[in-house]
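Dear colleague,

Please find below the structure that I am handing over to you. My findings follow directly after it.

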Amino acid sequence: MGEDKGTLCVTGGTGYVASWLIKLLLHQGYSVHTTVRADPGNKRDLSFLSSLPGADEKLKIFTADLDRPDSFDAAIKGCKGVLHVAAPVDFPAKDPEAVVTQRSINGSLGILKSCLRSKTVKRVVYTSSIAAVYNNIHNKDVEMMDESYWSDVDCIRETLDPSESSYAISKTLTEKTMSEFAAQHGLDLVTVIPPMVLGPFICPKMHGTVRATLAPILGNKGDYHFLINAAMVHVDDLSRALIFLLEHPEAKGRYNCSSDTVTIQQVVEILSTSHPEFRIAESVGEAKGPKLPGLSSKKLMDLGFKFKYGVKDMYEGAIQSCKEKGLLE
Ligand SMILES: NC(=O)c1ccc[n+]([C@@H]2O[C@H](COP(=O)([O-])OP(=O)(O)OC[C@H]3O[C@@H](n4cnc5c(N)ncnc54)[C@H](OP(=O)(O)O)[C@@H]3O)[C@@H](O)[C@H]2O)c1
């Protein structure tokens, strides 16, 4: 455990990315306030957070909900930075698009207002998504996207299945609205744009993205299109990038965070070489869909960030965690 580095707030502590990020922050010597949604019957087991090394002394868990934008005040009070990771990640979407989008925007603006009220928060780092970047008719023949690309809401509605479009629209409009609000109020906001996140996990559930990336062994045909040309990042690299950007004095604006782009054939090769115990579904050959562009992380690397992991490590970590939790039986 390093020296005491001060207190940060991480929203959505139960999630795949946030729980890994909290583990890393505690290890680096930060005190962490995290938020979880209310659990009236106290049925939820949060021991994967409370039993982390250092959690006894340095982790405090607060209740807050994006549906109640003022509810983040207590968790943010006294923090020097906020890593806003929580999002309504509903696949397939249960609520209508407008509800998901308003929840995400209002909740995120509520978080920014809490930061202003706190008078202690110096920077907010928001986890956006590749979904806020690639869905645009003008991006069709692009190989790599830098941070100047934005998804277009009409294009999302036209091209994506309604079960996926709510998420993409909510991420696009939330990032835009947060950036405008921060600029108007002189708040230091940095946004990070991850593609598919893969690697080990401490939260109990297998995340939808992990499931999608394991489609060739799970045989989920509906997920093959995600892997036709998939930009990816290891969850530990993403978490380190979020901390790096919170700490770096010159960080400004948006940052793509993707180490690799792989095809479904490369994924099949990795899986069949490293894990001959799994049978690759024959239907993988039928994978069809548009070839999505990759995400250039030049801006992030030019600032000094170094990725540590490759795609093989991402798969290794995810499969290991799934096996440990009995999720691949
Ligand atoms: N995983 C990926 O491949 C990926 C890729 C690009 C971007 N991202 C972004 O990374 C961030 C983290 O995603 P993740 O992969 O860690 O997803 P996740 O595991 O589904 O985590 C989402 C978190 O948000 C919380 N949340 C959902 N609705 C909420 C609400 N109404 N109020 C408060 N909290 C709420 C969830 O709480 P509950 O546990 O109570 O549901 C959970 O803690 C998100 O912003 C996502 O858009 C993820």
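In this predicted model, Phe244, Phe305 and Phe307 are joined into a cluster by ring pairs.

The structure holds 3 aromatic pairs. Another of them is formed by tyrosine 16 and phenylalanine 201, which counts as edge-to-face because the planes stand at 85°, with the ring centres 6.0 Å apart. This pair connects distant parts of the chain, as tyrosine 16 belongs to helix α1 and phenylalanine 201 to the loop between β8 and α8 (208-213), 185 residues apart. Tyrosine 16 has 5% relative accessibility and so counts as buried; phenylalanine 201 is likewise buried, at 3%.

As to the ligand, 26 residues surround it, and the closest are Thr14, Arg37, Arg44, Tyr167 and Lys171. The ligand taken alone exposes 900 Å², of which the protein buries 89%. Two or more shell residues come from each of α1 (16-27), α7 (162-185) and β8 (196-198). By class, the shell comprises 13 nonpolar, 8 polar and 5 charged residues.

Finally, an unreviewed UniProt entry lists residues 9-256 as "domain: NAD-dependent epimerase/dehydratase". In the model, that span is 40% helix and 17% strand, and its end C-alpha atoms lie 22 Å apart.

Yours sincerely

Terms used: Residues are numbered from 1 along each chain as its sequence is written. This is a predicted model: local features need pLDDT of at least 70, side-chain atom pairs count only at pLDDT 80 or more; totals for chains, interfaces and linings use all residues. Side-chain values use heavy atoms; hydrogens and water are left out. UniProt positions are given in the numbering used here, feature names are shortened, and annotations may be inferred rather than shown by experiment. Helices (H or I, at least four residues) and strands (E, at least two) are DSSP runs, numbered from the N terminus. A residue is near a molecule or strand if one of its heavy atoms lies within 4 Å of it. Accessible areas come from the Shrake-Rupley method with a 1.4 Å probe; for residues, only the protein chains shown count as cover. Ala, Val, Leu, Ile, Met, Phe, Trp, Tyr, Cys and Pro count as nonpolar, Asp, Glu, Lys and Arg as charged, and the others, Gly among them, as polar. Rings of Phe, Tyr and Trp (its six-membered ring) pair if their centres lie within 6.5 Å; planes under 30 degrees apart count as stacked, over 60 as edge-to-face and the rest as tilted. Buried means under 20% relative accessible area, exposed over 50%, partly exposed in between (1.4 Å probe, protein chains only).
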